[in-house]
Amino acid sequence: MSKNNVQIFDTTLRDGEQVPGCKLNTDQKVRIAQRLDGLGVDVIEAGFPVSSPGDFQSVVEISKMVQNATVCGLTRAVENDIKVAADALKHAVKPRIHTGIGTSDSHIKHKFKASREQIIERAFKAVSYAKSFVEDVEFYAEDAGRTDNDYLARVCEAAIKAGATVLNIPDTTGYCLPSEYGAKIKYLKENVKGIDKAILSVHCHNDLGLATANSIEGVINGARQIECTINGIGERAGNTALEEVVMVLKQHPYLDLDTNIDTRQLFGISQLVSDSMGIYTQPNKAIVGANAFAHSSGIHQDGVIKNRATYEIIDPKDVGVTESAIVLTARSGRAALAYRAKIVGYELTKLQLDVVYSKFLEFADRKKEIKDDDIHQIIEKSHLYREIISA
Ligand code: KIV
Ligand code: ZN
């Protein structure tokens, strides 16, 4: 892995699947894992094996099938969880156990009723135990976003001492500001003894809509793994969206950070996940929403028809969308109408366009969107129809 390569850790099948009512069966999970492997993700978090027999079986089947990516199973810092995860992962070419514990004062006091020292001890023991099964062990400090940096550094040191290869710093509640989260990663990079033995990983939730910004700040400040889900799905407001962080890094080459993702597969896999889970993707969703490359106002359409780059920073083909869409509405201008009319077979002169455009506006005021069929109707109803088709 080059110094500037950012590993993509996909958790669609674990954290993503925690969306209420969106449980996937093993076949659906295997199909998604196969596509994630083809997409080029570095790690697939396949499930939480101890949580249910179904999840255990999914991790087993995914471990058997995946050829390129590391396959990871989540555990709590509990011996039985770790043992069960190791068992579920035994067929994986590259297995990883992801274990950890809450480190914020709120988790220590309310969830564990323990002391800070006891949490460090449990973290050390969990990583050591996981290491007795697999070489690759990732440690998560749950609620790291609200854990004070000094204490967090001590927890990370213990995990490294026990053999952790990756340190996950989750903003579990989506609380941090990008500047705070970036500073946290920088602090750990500069203050944790032995940090060169492990990769820092960012895992951000979207409660304040900041998951993508926080993840990017994290990698700018030294993290080299991003944990994310397709379409940003996940419990509450979801996780960092894989397609967003990957495209941010691709569209900003001066950051000198890249991923192994084949971005042309992003739209297809987004649709697969949305169909399998029965979760509709909002039309204005960045990168993969139905309107991400659709232009409907006259000024924008005129610009895009002259040169796509006037209003688009991404070539839609780069993310697997065939082309930009010029959507005809009452806000559209003559340029857009002429452009779409030409696509459906009518080359209009300037005078003809004036006549057809006024009919188009009457139609568009009644309908939300003018489709190709409507263009045929508008032209057929115009007194210039014969002239237009015989040209
Ligand atoms: O958000 C979180 O803290 C998590 C951990 C269990 C990794 O998902
Ligand atoms: Zn999470």
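Tutor: With burial. Buried means under 20% relative accessible area, exposed over 50%, and partly exposed in between (1.4 Å probe, protein chains only). Helices (H or I, at least four residues) and strands (E, at least two) are DSSP runs, numbered from the N terminus. The model is predicted: local features need pLDDT of at least 70, side-chain atom pairs count only at pLDDT 80 or more, and totals for chains, interfaces and linings use all residues. Residues are numbered from 1 along each chain as its sequence is written, and side-chain values use heavy atoms, with hydrogens and water left out.

Student: Are the residues of β1 buried or exposed?

Tutor: Buried, on both faces. Strand β1 spans residues 7-10, with Gln7 and Phe9 on one side and Ile8 and Asp10 on the other.

Student: Which strands pair with β1?

Tutor: Two strands pair if DSSP finds at least two bridges between them. β8 (residues 225-228) pairs with β1 in the parallel sense over four bridges. There, Phe9 stands opposite Glu227. β2 (residues 43-47) is also parallel to β1, over two bridges. In β2, Phe9 has Val43 as its bridge partner.

Student: And how do I read a helix?

Tutor: An α-helix has 3.6 residues a turn, so residues three or four places apart point the same way. Now take α14 (residues 372-381): its buried residues are Asp374, Ile375, Ile378 and Ile379.

Student: Why are they on the same side of α14?

Tutor: Because they cover an arc of only 130° around the axis, taken from the directions from the helix axis to the C-beta atoms. The face turned away from the buried side of α14 carries exposed Asp373 and Lys381.

Note on methods. Chains lettered and ligands numbered in written order.
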